Amino acid sequence: MKIVILESLGISDEEFNIISKPLTDSGHELVVYNDGKLDDETIKVRIKDAEVLVLANTALSSEVIDAAEKLKYISIAFTGYNHIDLGKCKEKGIKVSNAAGYSTNSVAELTFGLITALLRNIVPLDAVTREGGTKNGYRQIDLNGKTLGLLGTGDIGSAVAKLGLAYGCNVIAYNRSVNTELIDKGVEYKSLDEVLKESDIVSLHIPLTDETKNLINKDKLALMKTSSFLINTAIGPVVDHDALAEALHNGTIAGAGLDRVEMEPPVPTDYPILAAPNTVLVPHVGFATEEAMVRRAKITFDNIVKWEQGAQENIVI
């Protein structure tokens, strides 16, 4: 069986060899591309004879999938899968799985890194200190005792809730279904608008759907406290970033910490949120710890073994 790994998985050669050993020991051919060439025409050539395809967050259109005449299975080294044309995969009988759970703790930890950076003004104070300045004029705010509002309590949202409780936060949440374990720990579920109105920090952990696209818009931002902060380590387009930039300029909210915007980095230099005040931005790194990359590769290759054995674990279609 020919297995094509379309892009780097971010691990060492030694780790790759260890994790892929069950597949190579079974006699499967692994073809790895690490040169970063991910345009459609290149991909078509590279996956033409592939029976199994491994990729992370590279988009895979119906046209590209059609070019893979022997393709039976796609193992996505990523939590999301909306970048794959699932309709075309279903039409061609191609099974698809994702690497659910590999970055849960990594993203949750970054969420609190962004929160702390905003509450303690770490980024501007670093620059001030290097220029011989002091803390004068910069606020310092405790996280303990604040109301942390979560939109979404899936795996990552739940991990953030537990960390928030450990920090001494009052944790409230909005989700289509409730998590009784979180309720038992003290999390209170409320309506979307109630969470936005009552929270000192609103942290987003929801997927992108037709219903959630631009969910955080001008009207929803206006519900938030002027002293509150918005954190997004989920998916960019759930926020209307033009409206967010305006809200930050106008003082509608106090600040924002973003790991995700509407596009993958690099972000255009004229993108409005770059000029917004009290904003901490990182280029989609929540998932990218060294430990998470190893977990991701292991799940991705384990999924191939399980699929070959007929298991349905992590199969999304």
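**Cores and a kinked helix**

Biologist: Which residues have the most contacts inside the largest nonpolar core?

Modeller: A nonpolar core is a set of buried Ala, Val, Leu, Ile, Met, Phe, Trp, Tyr and Cys residues joined through side-chain atoms within 4.5 Å, and buried means under 20% relative accessible area with a 1.4 Å probe, protein chains only. The largest one here has 43 residues. Those with the most contacts inside it are Leu9, Ile47, Leu53, Leu60, Ile74 and Phe301.

This is a predicted model, so local features need pLDDT of at least 70, side-chain atom pairs count only at pLDDT 80 or more, and totals for chains, interfaces and linings use all residues. Residues are numbered from 1 along each chain as its sequence is written, and side-chain values use heavy atoms, with hydrogens and water left out.

Biologist: Okay, which helix gives the most to this core?

Modeller: Helices are DSSP runs (H or I, at least four residues), and strands are too (E, at least two), numbered from the N terminus. Among the elements that each supply at least two residues are S1, H1 and H12. The top giver, with six residues, is H12.

Biologist: What do the buried residues of H1 pack against?

Modeller: Those buried residues are Phe16, Ile19, Ser20 and Leu23. Contact means heavy atoms within 4.5 Å. Their packing partners are S1, S2 and H12.

Biologist: Where in H1 is the kink?

Modeller: The bend at a residue is the angle between axes fitted to the seven residues ending there and the seven starting there. In H1 a kink of about 45° comes shortly before the proline Pro22. Its place is Ile19.

Conventions
Buried < 20%, exposed > 50% of the residue type's maximum accessible area, 1.4 Å probe, protein only.
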